Amino acid sequence: MTQSDTRYMRLALSLGRRGLGRCAPNPAVGCVIVRDGRIVGRGWTQPGGRPHAEPVALAQAGDAARGATAYVTLEPCAHHGQTPPCAAALVDAGIARVVVALGDPDPRVDGGGVDILRAAGIAVETGLCADEARADQLGFLTRVTQGRPMVTLKLASSFDGRIATASGDSQWITGEGARRHVHAMRATHDAVMIGAGTARADDPSLTVRGLGVDHQPVRVVLSRHLDLPLDGQLARTANDVPVWICHGRRAAPELVSAWAGLGARMIEVDEAEGALDPAAVLQALGDRGLTRVYCEGGGSLAASLLSAGLVDELVGYTAGLALGAEGRPSLAAMGLGRLAEAPRFDLVETRAIDGDILHRWRQRQR
(Lines give C-alpha, C1' and ligand atoms only; values in the text may rest on other atoms or scores of the structure.)
Protein backbone atom coordinates (compact mmCIF):
# COMPACT_ATOMS: atom_id res chain seq x y z
CA MET A 1 0.00 0.00 0.00
CA THR A 2 1.10 3.54 -0.75
CA GLN A 3 1.46 6.80 1.14
CA SER A 4 -1.72 7.95 -0.59
CA ASP A 5 -3.54 4.93 0.81
CA THR A 6 -2.42 5.90 4.31
CA ARG A 7 -3.48 9.51 3.79
CA TYR A 8 -6.96 8.53 2.65
CA MET A 9 -7.37 6.02 5.48
CA ARG A 10 -6.40 8.63 8.05
CA LEU A 11 -9.01 10.92 6.57
CA ALA A 12 -11.56 8.11 6.92
CA LEU A 13 -10.51 7.66 10.55
CA SER A 14 -10.99 11.36 11.25
CA LEU A 15 -14.46 11.20 9.69
CA GLY A 16 -15.38 8.14 11.74
CA ARG A 17 -14.53 9.96 14.99
CA ARG A 18 -17.36 12.37 14.27
CA GLY A 19 -19.75 9.58 15.24
CA LEU A 20 -18.20 8.79 18.63
CA GLY A 21 -20.81 9.14 21.34
CA ARG A 22 -23.65 9.36 18.84
CA CYS A 23 -24.17 5.98 17.18
CA ALA A 24 -24.16 3.26 19.87
CA PRO A 25 -24.51 0.33 19.76
CA ASN A 26 -23.14 0.60 16.23
CA PRO A 27 -19.46 1.37 15.60
CA ALA A 28 -18.39 4.86 14.53
CA VAL A 29 -17.03 4.14 11.05
CA GLY A 30 -15.56 6.42 8.39
CA CYS A 31 -15.44 5.86 4.64
CA VAL A 32 -13.66 7.71 1.83
CA ILE A 33 -14.13 6.86 -1.86
CA VAL A 34 -11.36 7.85 -4.29
CA ARG A 35 -11.31 7.62 -8.07
CA ASP A 36 -8.37 8.67 -10.22
CA GLY A 37 -6.74 10.46 -7.32
CA ARG A 38 -9.83 12.50 -6.51
CA ILE A 39 -12.09 12.11 -3.46
CA VAL A 40 -15.61 11.56 -4.78
CA GLY A 41 -17.38 10.46 -1.60
CA ARG A 42 -17.06 10.79 2.17
CA GLY A 43 -19.24 9.38 4.92
CA TRP A 44 -19.41 8.45 8.56
CA THR A 45 -21.92 6.59 10.71
CA GLN A 46 -24.86 8.89 11.31
CA PRO A 47 -26.54 9.67 14.68
CA GLY A 48 -28.42 6.68 16.00
CA GLY A 49 -26.16 4.34 14.03
CA ARG A 50 -27.81 4.63 10.60
CA PRO A 51 -27.17 5.08 7.79
CA HIS A 52 -23.75 3.50 7.92
CA ALA A 53 -20.65 5.23 6.60
CA GLU A 54 -20.44 3.33 3.31
CA PRO A 55 -23.95 4.15 2.00
CA VAL A 56 -23.44 7.81 2.91
CA ALA A 57 -20.19 7.95 0.95
CA LEU A 58 -21.63 5.98 -1.96
CA ALA A 59 -24.62 8.30 -2.20
CA GLN A 60 -22.24 11.26 -2.43
CA ALA A 61 -20.07 9.55 -5.03
CA GLY A 62 -22.92 8.45 -7.27
CA ASP A 63 -21.75 7.02 -10.60
CA ALA A 64 -18.18 8.07 -9.79
CA ALA A 65 -18.00 5.10 -7.39
CA ARG A 66 -17.68 2.68 -10.31
CA GLY A 67 -14.06 1.59 -10.56
CA ALA A 68 -13.08 3.56 -7.43
CA THR A 69 -11.30 2.59 -4.22
CA ALA A 70 -13.16 2.69 -0.90
CA TYR A 71 -11.24 3.22 2.35
CA VAL A 72 -13.23 1.92 5.31
CA THR A 73 -12.14 1.99 8.97
CA LEU A 74 -13.99 -1.21 9.91
CA GLU A 75 -14.90 -4.27 7.87
CA PRO A 76 -18.16 -3.60 5.97
CA CYS A 77 -21.12 -5.38 7.53
CA ALA A 78 -22.27 -8.62 5.94
CA HIS A 79 -25.68 -9.15 7.52
CA HIS A 80 -29.20 -7.90 6.88
CA GLY A 81 -30.37 -5.79 9.83
CA GLN A 82 -32.49 -2.69 9.56
CA THR A 83 -30.46 -1.91 6.42
CA PRO A 84 -28.90 -4.11 3.71
CA PRO A 85 -25.26 -5.21 4.08
CA CYS A 86 -22.69 -2.51 3.35
CA ALA A 87 -20.48 -5.07 1.62
CA ALA A 88 -23.27 -5.71 -0.88
CA ALA A 89 -23.75 -1.97 -1.39
CA LEU A 90 -20.08 -1.61 -2.32
CA VAL A 91 -20.42 -4.49 -4.80
CA ASP A 92 -23.56 -3.02 -6.36
CA ALA A 93 -21.91 0.38 -6.74
CA GLY A 94 -19.09 -1.11 -8.82
CA ILE A 95 -16.27 -0.39 -6.37
CA ALA A 96 -13.06 -1.97 -7.71
CA ARG A 97 -10.90 -1.99 -4.56
CA VAL A 98 -11.57 -1.79 -0.82
CA VAL A 99 -8.98 -0.99 1.82
CA VAL A 100 -10.09 -1.99 5.34
CA ALA A 101 -8.36 -0.84 8.52
CA LEU A 102 -9.75 -3.41 10.95
CA GLY A 103 -11.80 -6.59 10.91
CA ASP A 104 -15.16 -6.72 12.69
CA PRO A 105 -15.32 -9.43 15.39
CA ASP A 106 -19.13 -9.35 15.50
CA PRO A 107 -20.15 -12.97 14.72
CA ARG A 108 -22.58 -11.66 12.10
CA VAL A 109 -19.61 -10.20 10.19
CA ASP A 110 -16.18 -11.57 11.28
CA GLY A 111 -14.68 -11.91 7.82
CA GLY A 112 -18.01 -12.24 6.04
CA GLY A 113 -17.87 -8.72 4.66
CA VAL A 114 -14.45 -9.30 3.14
CA ASP A 115 -15.64 -12.63 1.72
CA ILE A 116 -18.57 -10.94 -0.05
CA LEU A 117 -16.26 -8.35 -1.61
CA ARG A 118 -13.68 -10.88 -2.78
CA ALA A 119 -16.34 -13.22 -4.15
CA ALA A 120 -17.49 -10.34 -6.35
CA GLY A 121 -13.97 -9.87 -7.73
CA ILE A 122 -13.14 -6.78 -5.68
CA ALA A 123 -9.53 -6.41 -4.56
CA VAL A 124 -9.44 -6.19 -0.75
CA GLU A 125 -6.51 -5.13 1.41
CA THR A 126 -6.67 -5.10 5.20
CA GLY A 127 -4.73 -3.84 8.21
CA LEU A 128 -3.89 -0.29 7.11
CA CYS A 129 -3.80 1.99 10.22
CA ALA A 130 -5.15 -0.94 12.25
CA ASP A 131 -3.82 0.31 15.59
CA GLU A 132 -5.46 3.72 15.14
CA ALA A 133 -8.72 2.08 14.10
CA ARG A 134 -8.59 -0.28 17.09
CA ALA A 135 -8.20 2.65 19.47
CA ASP A 136 -11.18 4.42 17.90
CA GLN A 137 -13.31 1.27 17.97
CA LEU A 138 -12.34 0.19 21.49
CA GLY A 139 -15.83 0.68 22.88
CA PHE A 140 -17.53 -1.28 20.11
CA LEU A 141 -14.89 -4.02 20.25
CA THR A 142 -15.10 -4.33 24.04
CA ARG A 143 -18.87 -4.66 23.94
CA VAL A 144 -18.71 -7.33 21.22
CA THR A 145 -15.92 -9.37 22.83
CA GLN A 146 -16.56 -8.79 26.55
CA GLY A 147 -20.20 -7.73 26.74
CA ARG A 148 -19.44 -4.38 28.37
CA PRO A 149 -18.67 -0.83 27.24
CA MET A 150 -15.16 0.55 27.42
CA VAL A 151 -14.52 2.78 30.45
CA THR A 152 -12.61 6.05 30.40
CA LEU A 153 -11.82 7.14 33.95
CA LYS A 154 -11.31 10.87 34.43
CA LEU A 155 -9.35 12.22 37.40
CA ALA A 156 -8.82 15.97 37.92
CA SER A 157 -6.48 16.62 40.82
CA SER A 158 -3.80 18.76 42.40
CA PHE A 159 -0.12 17.98 41.83
CA ASP A 160 -0.21 15.74 44.92
CA GLY A 161 -3.29 13.79 43.81
CA ARG A 162 -5.98 15.55 45.83
CA ILE A 163 -9.45 16.47 44.59
CA ALA A 164 -10.52 18.80 47.42
CA THR A 165 -9.36 20.36 50.64
CA ALA A 166 -10.17 18.70 53.94
CA SER A 167 -13.34 20.84 54.14
CA GLY A 168 -14.46 19.69 50.68
CA ASP A 169 -13.63 22.87 48.75
CA SER A 170 -12.92 21.77 45.17
CA GLN A 171 -14.15 24.41 42.74
CA TRP A 172 -12.03 24.77 40.86
CA ILE A 173 -8.77 22.85 41.07
CA THR A 174 -8.20 22.87 37.32
CA GLY A 175 -8.79 25.80 34.99
CA GLU A 176 -11.42 26.65 32.44
CA GLY A 177 -9.51 25.04 29.56
CA ALA A 178 -9.36 21.67 31.30
CA ARG A 179 -13.04 21.87 32.19
CA ARG A 180 -13.90 22.63 28.58
CA HIS A 181 -11.88 19.59 27.52
CA VAL A 182 -13.92 17.47 29.94
CA HIS A 183 -17.09 18.60 28.15
CA ALA A 184 -15.53 17.62 24.82
CA MET A 185 -14.70 14.19 26.24
CA ARG A 186 -18.26 13.77 27.49
CA ALA A 187 -19.50 14.46 23.98
CA THR A 188 -17.49 11.53 22.55
CA HIS A 189 -18.95 9.00 24.99
CA ASP A 190 -22.38 7.39 25.15
CA ALA A 191 -22.69 7.95 28.89
CA VAL A 192 -21.22 9.86 31.83
CA MET A 193 -21.10 7.83 35.06
CA ILE A 194 -20.73 8.83 38.72
CA GLY A 195 -21.29 7.32 42.13
CA ALA A 196 -23.92 8.33 44.65
CA GLY A 197 -21.43 10.24 46.80
CA THR A 198 -20.53 12.55 43.93
CA ALA A 199 -24.20 13.04 43.10
CA ARG A 200 -24.92 14.08 46.69
CA ALA A 201 -21.84 16.24 47.20
CA ASP A 202 -21.72 18.08 43.87
CA ASP A 203 -25.31 17.99 42.56
CA PRO A 204 -23.90 17.81 39.01
CA SER A 205 -25.81 18.15 35.76
CA LEU A 206 -23.31 15.97 33.81
CA THR A 207 -24.36 17.55 30.51
CA VAL A 208 -22.19 18.82 27.66
CA ARG A 209 -22.19 22.60 27.73
CA GLY A 210 -20.54 25.41 25.81
CA LEU A 211 -19.66 23.41 22.69
CA GLY A 212 -22.80 23.83 20.63
CA VAL A 213 -23.42 20.07 20.38
CA ASP A 214 -26.91 18.83 19.60
CA HIS A 215 -26.78 15.63 21.64
CA GLN A 216 -26.23 14.65 25.27
CA PRO A 217 -24.76 11.49 26.79
CA VAL A 218 -26.83 9.29 29.07
CA ARG A 219 -26.20 10.15 32.72
CA VAL A 220 -25.56 7.04 34.81
CA VAL A 221 -25.55 7.07 38.61
CA LEU A 222 -24.60 4.12 40.81
CA SER A 223 -26.55 4.19 44.05
CA ARG A 224 -26.94 0.96 45.98
CA HIS A 225 -29.68 2.30 48.30
CA LEU A 226 -30.99 5.13 46.08
CA ASP A 227 -29.90 7.66 48.68
CA LEU A 228 -29.95 10.45 46.14
CA PRO A 229 -31.56 13.91 46.32
CA LEU A 230 -34.98 13.87 44.70
CA ASP A 231 -34.80 17.63 44.21
CA GLY A 232 -31.31 17.81 42.63
CA GLN A 233 -30.33 18.66 39.07
CA LEU A 234 -30.45 15.06 37.87
CA ALA A 235 -33.95 14.58 39.24
CA ARG A 236 -35.22 17.87 37.82
CA THR A 237 -33.90 17.15 34.33
CA ALA A 238 -34.48 13.38 34.02
CA ASN A 239 -37.21 13.92 31.44
CA ASP A 240 -34.97 16.17 29.34
CA VAL A 241 -31.67 14.24 29.32
CA PRO A 242 -31.69 10.49 30.08
CA VAL A 243 -30.82 9.42 33.62
CA TRP A 244 -30.11 5.75 34.31
CA ILE A 245 -29.76 4.69 37.94
CA CYS A 246 -28.09 1.41 38.86
CA HIS A 247 -29.28 0.24 42.28
CA GLY A 248 -29.17 -2.80 44.53
CA ARG A 249 -31.88 -5.39 44.99
CA ARG A 250 -32.71 -4.08 48.47
CA ALA A 251 -33.36 -0.49 47.43
CA ALA A 252 -36.67 0.74 48.83
CA PRO A 253 -39.49 0.13 46.32
CA GLU A 254 -40.92 3.58 47.00
CA LEU A 255 -37.62 5.19 45.97
CA VAL A 256 -37.47 3.05 42.83
CA SER A 257 -40.99 4.22 41.97
CA ALA A 258 -40.19 7.84 42.80
CA TRP A 259 -37.20 7.98 40.48
CA ALA A 260 -39.03 6.11 37.74
CA GLY A 261 -41.82 8.63 38.07
CA LEU A 262 -39.34 11.43 37.49
CA GLY A 263 -38.32 9.80 34.22
CA ALA A 264 -35.20 7.86 35.26
CA ARG A 265 -34.48 4.39 33.90
CA MET A 266 -34.00 2.04 36.83
CA ILE A 267 -31.50 -0.82 36.52
CA GLU A 268 -31.23 -3.41 39.28
CA VAL A 269 -27.79 -5.03 39.52
CA ASP A 270 -26.04 -7.53 41.74
CA GLU A 271 -23.95 -6.54 44.74
CA ALA A 272 -20.49 -7.71 45.80
CA GLU A 273 -18.75 -7.07 49.11
CA GLY A 274 -21.31 -4.55 50.30
CA ALA A 275 -21.38 -2.47 47.12
CA LEU A 276 -22.72 -2.66 43.59
CA ASP A 277 -20.65 -5.09 41.55
CA PRO A 278 -18.85 -2.91 38.98
CA ALA A 279 -18.64 -5.78 36.48
CA ALA A 280 -22.39 -6.37 36.78
CA VAL A 281 -23.03 -2.65 36.28
CA LEU A 282 -21.00 -2.54 33.09
CA GLN A 283 -22.58 -5.74 31.82
CA ALA A 284 -26.01 -4.18 32.33
CA LEU A 285 -24.96 -1.04 30.48
CA GLY A 286 -23.55 -3.11 27.63
CA ASP A 287 -26.78 -5.11 27.43
CA ARG A 288 -28.58 -1.80 26.92
CA GLY A 289 -26.39 -0.79 24.01
CA LEU A 290 -23.74 1.46 25.54
CA THR A 291 -20.24 1.18 24.11
CA ARG A 292 -18.34 4.11 25.67
CA VAL A 293 -18.66 5.27 29.30
CA TYR A 294 -16.89 8.30 30.78
CA CYS A 295 -16.54 7.89 34.54
CA GLU A 296 -16.16 11.10 36.56
CA GLY A 297 -15.97 9.62 40.05
CA GLY A 298 -15.96 9.64 42.91
CA GLY A 299 -13.04 8.03 44.59
CA SER A 300 -14.78 4.83 45.69
CA LEU A 301 -16.25 4.11 42.26
CA ALA A 302 -12.93 4.88 40.57
CA ALA A 303 -11.05 2.58 42.94
CA SER A 304 -13.53 -0.27 42.46
CA LEU A 305 -13.27 -0.04 38.66
CA LEU A 306 -9.47 0.03 38.77
CA SER A 307 -9.30 -2.85 41.23
CA ALA A 308 -11.56 -4.94 39.00
CA GLY A 309 -9.45 -4.23 35.90
CA LEU A 310 -12.38 -2.50 34.20
CA VAL A 311 -10.73 0.81 33.28
CA ASP A 312 -9.59 0.91 29.65
CA GLU A 313 -8.35 4.49 29.54
CA LEU A 314 -7.27 7.03 32.14
CA VAL A 315 -7.59 10.75 31.47
CA GLY A 316 -5.90 12.92 34.07
CA TYR A 317 -5.94 16.68 34.50
CA THR A 318 -3.24 17.82 36.91
CA ALA A 319 -3.13 21.34 38.30
CA GLY A 320 -0.10 23.19 39.62
CA LEU A 321 -1.13 23.37 43.25
CA ALA A 322 -0.65 21.14 46.29
CA LEU A 323 -3.27 20.48 48.98
CA GLY A 324 -1.31 18.29 51.39
CA ALA A 325 -2.06 15.05 53.16
CA GLU A 326 -5.20 16.46 54.79
CA GLY A 327 -6.76 17.00 51.35
CA ARG A 328 -9.19 14.47 49.95
CA PRO A 329 -7.51 11.83 47.75
CA SER A 330 -8.67 11.19 44.20
CA LEU A 331 -8.96 7.45 44.88
CA ALA A 332 -10.33 5.42 47.75
CA ALA A 333 -8.32 2.55 49.22
CA MET A 334 -7.54 -0.27 46.80
CA GLY A 335 -6.02 -2.75 49.26
CA LEU A 336 -2.77 -3.21 47.37
CA GLY A 337 0.06 -4.94 49.16
CA ARG A 338 2.64 -4.99 46.36
CA LEU A 339 3.41 -2.80 43.37
CA ALA A 340 2.96 -5.81 41.09
CA GLU A 341 -0.74 -5.84 42.04
CA ALA A 342 -1.35 -2.28 40.79
CA PRO A 343 -3.04 -1.84 37.41
CA ARG A 344 -0.61 -0.49 34.83
CA PHE A 345 -1.32 1.88 31.96
CA ASP A 346 0.77 3.09 29.02
CA LEU A 347 1.07 6.78 28.23
CA VAL A 348 -0.73 7.79 25.03
CA GLU A 349 -0.73 11.58 25.16
CA THR A 350 0.41 14.49 27.30
CA ARG A 351 0.03 18.22 26.73
CA ALA A 352 -0.59 21.50 28.47
CA ILE A 353 -4.07 22.99 28.63
CA ASP A 354 -4.07 26.56 29.89
CA GLY A 355 -1.61 25.91 32.69
CA ASP A 356 -2.84 22.42 33.59
CA ILE A 357 -1.43 19.14 32.28
CA LEU A 358 -3.54 16.63 30.38
CA HIS A 359 -2.23 13.08 30.42
CA ARG A 360 -4.02 10.16 28.79
CA TRP A 361 -3.19 6.50 29.41
CA ARG A 362 -4.39 3.21 27.96
CA GLN A 363 -4.64 -0.09 29.83
CA ARG A 364 -1.53 -2.18 29.43
CA GLN A 365 -2.21 -5.52 27.83
CA ARG A 366 -0.94 -8.44 29.89
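Which residues does Ile 33 touch, not counting residues up to four places away in sequence? They are Arg 38, Ile 39, Val 40, Gly 41, Ala 57, Leu 58, Ala 61, Ala 65, Ala 68, Thr 69, Ala 70 and Ile 95. Touching, or contact, means heavy atoms within 4.5 Å.

## About the model

This is a predicted model: local features need pLDDT of at least 70, side-chain atom pairs count only at pLDDT 80 or more, and totals for chains, interfaces and linings use all residues. Residues are numbered from 1 along each chain as its sequence is written, and side-chain values use heavy atoms, with hydrogens and water left out.

Ile 33 belongs to the largest nonpolar core, which has 41 residues. Met 9, Ile 33, Ile 95 and Val 98 touch the most other members. Helix 1 (residues 3–16) gives this core its largest share, five residues. A second, separate core has 28 residues, including Leu 153, Ala 191, Val 220 and Ala 302.

Some terms need cut-offs. A nonpolar core is a set of buried Ala, Val, Leu, Ile, Met, Phe, Trp, Tyr and Cys residues joined through side-chain atoms within 4.5 Å. Buried means under 20% relative accessible area, exposed means over 50%, and partly exposed lies in between (1.4 Å probe, protein chains only). Helices (H or I, at least four residues) and strands (E, at least two) are DSSP runs, numbered from the N terminus. In soluble globular proteins, nonpolar side chains tend to be buried together.

Two strands pair if DSSP finds at least two bridges between them.

Now look at strand 14 (residues 292–295). Strand 6 (residues 150–157) pairs with strand 14 in the parallel sense, over four bridges. Here Val 151 stands opposite Val 293. Strand 8 (residues 191–195) also pairs with strand 14 in the parallel sense, over three bridges. Met 193 has Cys 295 as its bridge partner in strand 14. In strand 9, the bridge partner of Met 193 is Val 220. Strands 8 and 9 (residues 218–222 for strand 9) run parallel and are joined by five bridges.

## Covering the sheet

Are the two faces of strand 14 buried or exposed? Both are covered. Arg 292 and Tyr 294 are buried on one side, and Val 293 and Cys 295 are buried on the other. In a regular strand the side chains alternate between the two faces of the sheet.

Helix 4 (residues 112–119) has four buried residues listed by name: Gly 112, Gly 113, Val 114 and Leu 117. Their cover includes helix 3 (86–92), strand 4 (97–100) and strand 5 (123–126). Just after helix 4, Gly 121 takes a positive phi of about 85 degrees.

Asp 106 lies in the loop between strand 4 and helix 4. Asp 106 counts as buried because its relative accessibility is 9%.
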